[in-house]
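Subject: Structure handover

Dear colleague,

I am passing on the structure below, and I would be grateful if you could read the notes that follow with the sequence beside you.

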Amino acid sequence: MLPTITWENEAVVMIDQRKLPQKEVYLSLKSVDEVAQAIEKMVIRGAPAIGLAAAYGLALAIYQIKDEKHLDKTFEAAYERLWRTRPTARNLFWALERMKKVFIRNRKGGLEALKDRLLTEARRMDEEDLAINMRMGEYGQKLISDGDTVLTHCNAGGLATAGYGTALGVIRAAVAHGKKIKVLADETRPLLQGARLTCWELQREGIPVTLITDNMAGYLMKKGEISLVVVGADRIALNGDTANKIGTYSVAVLAREHRLPFYVAAPFSTFDFSLKTGEGIPIEERQPDEVRKIGSKLITLADVPVRNPAFDVTPARLISGIITERGVLRPPLGPAIKKFAGN
Ligand code: MRU
């Protein structure tokens with residue numbers, strides 16, 4: 001299993017995803033601000049993984065308290081700091097809200113007991129995420145046939161979760177069922193999560209993966225070299241509109257043109273039941289230098305104006321199904337999601 005994030009010796013330990021695949025470096029973070037910066041700088045990224053980082057970050061905040069009278073203030077400050085790190089992935093806010101409930105229920109029971117409760121909750125979320133991914137994998141693998149070539153975008157793998165993956169969990173499960181499949185990984189500019197992380201994850205497990213640049217998918221679909229698309233998600237609205245890594249929408253449009261199934265794999269914690277449509281999903285705009293550079297190398301003019309939206313929204317009508325831990329939601333997605341929300 002991939003060592004995305006863990007708790008060791010009163011510190012939050014995570015693999016530095018910016019350094020992969022060249023180097024496997026682990027960071028031991030000892031303050032809430034370090035955890036918040038790790039999320040902002042994408043040391044850790046991927047919707048469920050940043051939720052877990054925030055949960056451990058809140059436990060860390062309470063572990064560092066020396067005097068109980070600072071309890072409420074410290075928790076509130078840590079909560080606010082983590083809340084502001086990245087705006088799009090619903091899982092971040094879902095995790096913070098869940099931890100807050102535990103804090104409120106236990107804040108009067110003594111500092112030591114509270115530390116224990118918060119850490120236990122963060123660890124529970126970590127374990128649950130792994131189990132959820134594996135269940136999603138089981139449901140999702142049924143959509144993949146022996147011999148298929150699956151296109152995926154960004155990294156919705158173990159590194160983006162507690163360790164198995166959403167979209168890559170579906171692929172892993174298909175392989176575990178003995179299906180001989182191939183994966184095409186979009187490189188995913190600007191930060192190359194597909195090239196750096198998805199290829200690394202799949203190759204180390206011996207799952208055949210071929211890297212393509214983001215502009216090659218249409219050509220390969222037209223040539224009949226892609227059977228279906230499976231991607232992850234950062235936030236899903238009530239009608240099924242889905243925010244995911246920038247470029248996902250273009251892939252969905254291409255899949256529709258070529259009559260290929262386009263699936264999203266996402267757990268309950270990615271759904272935003274307060275949003276009617278994807279219109280309301282906040283889209284993060286990141287630093288222009290991420291586009292001007294590849295790694296640290298400038299590839300254009302140092303001052304050329306740049307747009308850098310980190311996510312886009314794929315309309316529900318382009319989605320063939322959403323693979324969740326409770327089964328595959330099928331169109332019409334609106335009613336299917338309402339039922340899912342109520343369960
Ligand atoms: O900007 P990132 O790398 O955090 O974006 C991640 C993605 O878009 C993933 O595909 C998404 O979070 C699904 S992860 C299970």
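How far is an oxygen atom of the ligand from an N or O atom in the side chain of Gln193? The distance is 2.9 Å, which falls under the definition of a polar contact as a pair of N or O atoms within 3.5 Å. Taken alone, the ligand exposes 410 Å², of which the protein buries 99%, with accessible areas coming from the Shrake-Rupley method and a 1.4 Å probe.

Before the rest, please note that this is a predicted model, in which local features need pLDDT of at least 70 and side-chain atom pairs count only at pLDDT 80 or more, while totals for chains, interfaces and linings use all residues. Residues are numbered from 1 along each chain as its sequence is written, and side-chain values use heavy atoms, with hydrogens and water left out.

The surroundings of the ligand consist of 19 residues, and the closest are Arg45, Arg86, Gln193, Asp234 and Lys245 (a residue is counted if one of its heavy atoms lies within 4 Å). Arg45 places a polar side-chain atom 2.8 Å from an oxygen atom of the ligand, and a polar side-chain atom of Arg86 likewise lies 2.8 Å from an oxygen atom of the ligand. By class, the shell holds eight nonpolar, seven polar and four charged residues, where Asp, Glu, Lys and Arg count as charged and Gly is among the polar ones. At least three shell residues come from each of domain 1 (5-133) and domain 2 (142-342), whose bounds come from an automatic or database domain assignment. Both α2 (47-63) and β9 (242-245) supply at least two residues of the shell; helices (H or I, at least four residues) and strands (E, at least two) are DSSP runs, numbered from the N terminus.

Two cis peptide bonds deserve a look in the backbone: one runs from Leu20 to Pro21, with omega near 5°, and another joins Arg189 and Pro190, with omega about 10°. Pro21 lies in the loop between β2 (11-15) and β3 (26-29).

Best regards

Key:
Polar contact = N/O pair within 3.5 Å; in protein donor to acceptor, adjacent residues only side chain to side chain.
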